[in-house]
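Grab a pencil and let's work through a few exercises together. Take a look at the structure first.

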Amino acid sequence: MAAICAQWKSCKGDDDGEKNFKIIYKDPGQPIEARVEDLLSRMTVAEKIGQMTQIERAVASPDVIEKFAIGSILNGGGSAPAPIASASVWADMVDSFQDAAMSTRLGIPMIFGTDAVHGHNNVYGATIFPHNIGLGATRDPDLVKRIGAATALEVRATGIPYAFSPCLAVCRDPRWGRCYESYSEDTEVVRKMTDIILGLQGSPPDGHPNGYPYVAGGTTVVASAKHFVGDGGTTGGINENNTVASYYDLYRVHMLPYVDALAKGVSTIMASYSSWNGVKMHASHYLLTRILKDRMGFKGFIISDWEAIDRITSPPGANHSYSISASINAGIDMVMVPFKFQTYIDELTALVNSSVISMSRIDDAVRRILRVKFVTGLFEHPKTDRSLLGMVGNLGHRELAREAVRKSLVLLKNGKMPGKPLLPLDKNAPKILVAGSHADNLGYQCGGWTISWEGGSGATTVGTTILDAIKQAVSPSTEVVYEQNPDANFTKGKGFSYAIAVIGEPPYVESTGDNTNLTIPLGGIDVINNVCNNGSPCLVILISGRPLVVEPYLNRMDAFVAAWLPGSEGRGITDVIFGDYDFQGHLPRTWFKRVDQLPMNVGDKDYDPLFPFGFSMSMNLQSGHHHHQ
């Protein structure tokens with residue numbers, strides 16, 4: 001572990017620091033495990049419990065941090081220090097919390113966490129990458145590694161060293177409201193995409209112990225593989241529900257991505273709200289401790305999900321004391337409280353004093369938390385590196401997101417007749433129509449987890465809408481007519497060369513996204529009917545977090561593209577539909593015909609999809625014939 005001090009170039013210390021070097025935990029030249037044990041031996045029970053406590057920034061203050069020795073703070077989705085806060089405003093907030101933590105008796109830095117699930121998505125002006133379903137369509141592990149590295153830089157630019165990503169769910173039912181957070185229904189695709197961890201945290205050196213946390217330095221972050229385990233396998237795709245499976249199937253379908261995550265040095269793992277065969281994951285000693293910690297050898301810390309320990313009981317919060325004892329004894333190390341921390345700390349203290357929770361279990365939790373903090377270099381570098389402030393939303397990251405959009409697009413139809421494709425579209429057409437709910441709506445094309453928790457409509461952040469991208473892509477002489485909801489007569493006699501209809505789902509998150517009918521909402525079906533049956537050929541672009549029911553309308557479309565939830569860089573779509581680049585995406589999920597077929601996944605014996613898993617088409621562009629403008 002000596003290598004850890006080399007990468008911080010801080011082993012020699014200065015005159016100031018010499019007196020600290022008598023104290024093992026303050027000496028960066030000491031092995032991490034020696035520092036952990038030395039610090040642990042100095043801590044009171046109250047200080048240990050503080051380390052196991054993660055609170056929301058809205059209830060955090062220097063006084064609270066000092067009084068309770070709080071170990072971690074997070075911002076929930078949409079919780080920001082100010083509307084449209086800049087990177088420096090975020091960094092000022094984090095640093096003020098850190099100053100309070102560093103002024104406590106032992107000077108243990110707090111670790112601030114955020115949901116950076118498709119870029120640093122809570123921060124105005126950050127690059128918003130495609131959601132995971134789109135990245136799964138790219139089949140490109142190197143791309144997601146680069147996205148991880150770019151995301152880490154933007155997160156660090158705001159002073160934050162911890163991202164609650166990646167989501168390694170294997171979504172087996174598109175009715176689930178978090179299906180877009182899953183790379184694929186196919187375990188092997190999800191396994192490949194765990195390379196994002198190597199971008200977020202950096203790549204561990206050869207010989208790095210399996211299961212031991214790794215963070216490369218000050219431009220990378222602590223990652224969190226989530227949600228352990230089976231979140232994507234619940235009955236009917238109901239969020240936070242029950243995954244019914246043998247251990248063999250749970251392991252084979254849902255757990256294998258975590259094997260890869262551990263091999264890549266993932267530092268933390270977040271438990272799932274869901275249950276396995278009726279047992280809440282947050283209360284499963286078998287899976288959290290016997291399997292993940294003991295058998296798989298995970299040495300980082302397990303964090304709870306938001307208020308998840310409260311949801312062990314029905315109704316939630318019915319028995320705080322039981323929720324705490326069940327989850328901590330099961331193997332949860334840090335609890336994302338996030339608000340009622342006084343109750344949590346009082347109850348946990350009482351449980352320790354009455355030996356319902358053993359001191360050895362508390363020490364195991366704190367040892368793991370401190371290990372991650374030492375590995376991350378927080379003791380040496382607790383504050384924001386202000387040289388990174390310009391990283392948020394920078395041009396190189398936006399170009400990377402644009403590349404990701406290009407590679408994520410899946411062409412599902414091109415032309416009604418063989419040999420008569422509509423795509424690539426003509427940039428020099430005299431007059432074109434653009435229509436639909438998603439053509440000029442940045443918030444819609446980003447989806448949930450963008451600026452706010454549930455996402456939003458309109459110009460919620462900085463980016464390029466699909467309409468703006470179309471206007472930039474076509475020739476100056478092309479007339480672009482935009483009509484969000486044209487009626488049946490709108491196109492008649494207007495002489496449009498072609499129409500582009502951009503339709504899809506509004507943003508949603510978690511349980512609000514659970515959906516049993518999966519029909520195209522927001523008038524999208526009317527747009528298809530009114531735009532596609534009127535003489536001008538039509539391209540339909542679907543912006544959605546999952547396949548939707550399209551079979552009844554497919555024959556009306558001249559061309560059909562699945563664009564998933566592409567994020568802030570709409571030009572990635574126009575790069576492809578106008579022929580500067582070809583389609584490269586493969587379906588990351590089975591495209592069903594009817595919802596009564598669900599769940600239906602590749603390999604099932606009754607497999608009768610509209611488009612099978614892995615389906616792809618291209619425009620067969622001659623290489624070199626088209627080029628990026």
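**Exercise 1.** How far is the sulfur of cysteine 167 from the closest cysteine sulfur, and which cysteine holds that one?

*Solution.* Before we start: this is a predicted model, where local features need pLDDT of at least 70, side-chain atom pairs count only at pLDDT 80 or more, and totals for chains, interfaces and linings use all residues. Residues are numbered from 1 along each chain as its sequence is written, and side-chain values use heavy atoms, leaving out hydrogens and water.

Step 1: the closest cysteine sulfur belongs to cysteine 171, 9.4 Å away, which is too far for a bond. A disulfide is a pair of cysteine sulfur atoms within 2.5 Å.

Step 2: check burial. Cysteine 167 has 4% relative accessibility, so it counts as buried (under 20% relative accessible area, with a 1.4 Å probe and protein chains only).

**Exercise 2.** Find how many disulfides the whole structure has, and give their handedness.

*Solution.* Step 1: the search turns up two.

Step 2: cysteine 171 pairs with cysteine 179, sulfurs 2.2 Å apart. This link has -105° about the S-S bond and is left-handed.

Step 3: cysteine 532 pairs with cysteine 538 at 2.1 Å. Here the torsion is about 105°, so the disulfide is right-handed.

**Exercise 3.** Work out where α11 kinks.

*Solution.* Step 1: locate α11, residues 247-263 (helices are DSSP runs of H or I, at least four residues, numbered from the N terminus).

Step 2: look at methionine 255, where there's a kink of about 60°, shortly before proline 257. The bend is the angle between axes fitted to the seven residues ending there and the seven starting there.

Key:
Helix = DSSP H or I, 4+ residues; strand = E, 2+ residues; numbered from the N terminus. Expected span 1.5 Å × (residues − 1). Buried < 20%, exposed > 50% of the residue type's maximum accessible area, 1.4 Å probe, protein only.
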